[in-house]
Amino acid sequence: MKLVRYRRGGPGKSPGLIDNTASLRDLFPSTVKDFNGEAYAPASLAKLAALDPSKLPAVDGKPRFGAPVTGISKFVAIGLNYVDHA
């Protein structure tokens with residue numbers, strides 16, 4: 001299962017998941033309102049892991065995917081070859 005945020009054409013993005021059959025399933029509003037910091041807490045992730053994706057509504061069409069987390073102001077990363085550039 002992969003957690004995603006997608007847009008169906010209107011404003012805003014909706015939370016969803018891609019199941020083992022590569023189908024996009026909608027998580028809004030019954031399960032998650034959005035993927036913010038609270039949604040990635042251990043209790044929320046356990047709730048998502050316990051879901052049966054086949055019971056969630058499938059998303060038709062070709063939606064656009066967005067960043068999987070909201071409210072992020074920066075992303076800091078260091079590559080494995082950082083020492084070579086220092």
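Is Arg25 buried or exposed? Select Arg25 in this predicted model: at a relative accessibility of 14% it counts as buried, because the cut-off for buried is under 20%.

**Stop 1: the partner of Arg25.** Asp19 and Arg25 form a salt bridge, and their closest N and O atoms are 3.3 Å apart. Asp19 is also buried, its relative accessible area being 12%.

**Stop 2: the other salt bridge.** The structure holds two salt bridges. For the one between Arg5 and Asp34, show both side chains; the N to O distance is 2.9 Å. Arg5 belongs to strand E1, while Asp34 sits in the loop between E3 and helix H1 (42-49), so this pair ties together parts 29 residues apart in sequence. Arg5 is buried at 10% relative accessible area, whereas Asp34, at 23%, is partly exposed.

**Stop 3: the sheet.** Now switch to a cartoon view and colour the strands. Four strands make up an open sheet in the order E3-E2-E1-E4, and the pairing is antiparallel. The edges are taken by strand E3 (24-26) and strand E4 (64-66); each has a single partner strand, so one side of each is left without a neighbour in the sheet. On average, neighbouring strands of this sheet are turned by 50° against each other, direction ignored.

**Stop 4: E1 against E2.** Select residues 2-7 for strand E1 and residues 14-18 for strand E2; the two pair in the antiparallel sense over five bridges. Strands of a sheet pair through backbone hydrogen bonds, so display the backbone atoms here. Within this pairing, find Tyr6, which stands opposite Ser14 in E2.

Stop 5: Leu80 is found in the loop between E4 and helix H2 (82-85). With a relative accessible area of 92%, Leu80 is exposed, because the cut-off for exposed is over 50%.

**Stop 6: the aromatic pair.** Which two residues have their ring planes at 40°? The structure holds one aromatic pair. Select Phe35 and Tyr40: the ring centres lie 5.7 Å apart and the planes stand at 40°, so the pair is tilted. Phe35 is buried, with a relative accessible area of 0%, while Tyr40 is partly exposed at 28%.

Notes. Residues are numbered from 1 along each chain as its sequence is written. This is a predicted model: local features need pLDDT of at least 70, side-chain atom pairs count only at pLDDT 80 or more; totals for chains, interfaces and linings use all residues. Side-chain values use heavy atoms; hydrogens and water are left out. Two strands pair if DSSP finds at least two bridges between them. Axes are lines fitted to C-alpha atoms, for helices over the stretch in contact, and angles run from 0 to 180 degrees between N-to-C directions. Buried means under 20% relative accessible area, exposed over 50%, partly exposed in between (1.4 Å probe, protein chains only). Rings of Phe, Tyr and Trp (its six-membered ring) pair if their centres lie within 6.5 Å; planes under 30 degrees apart count as stacked, over 60 as edge-to-face and the rest as tilted. A salt bridge is a side-chain nitrogen of Lys or Arg within 4 Å of a carboxyl oxygen of Asp or Glu.
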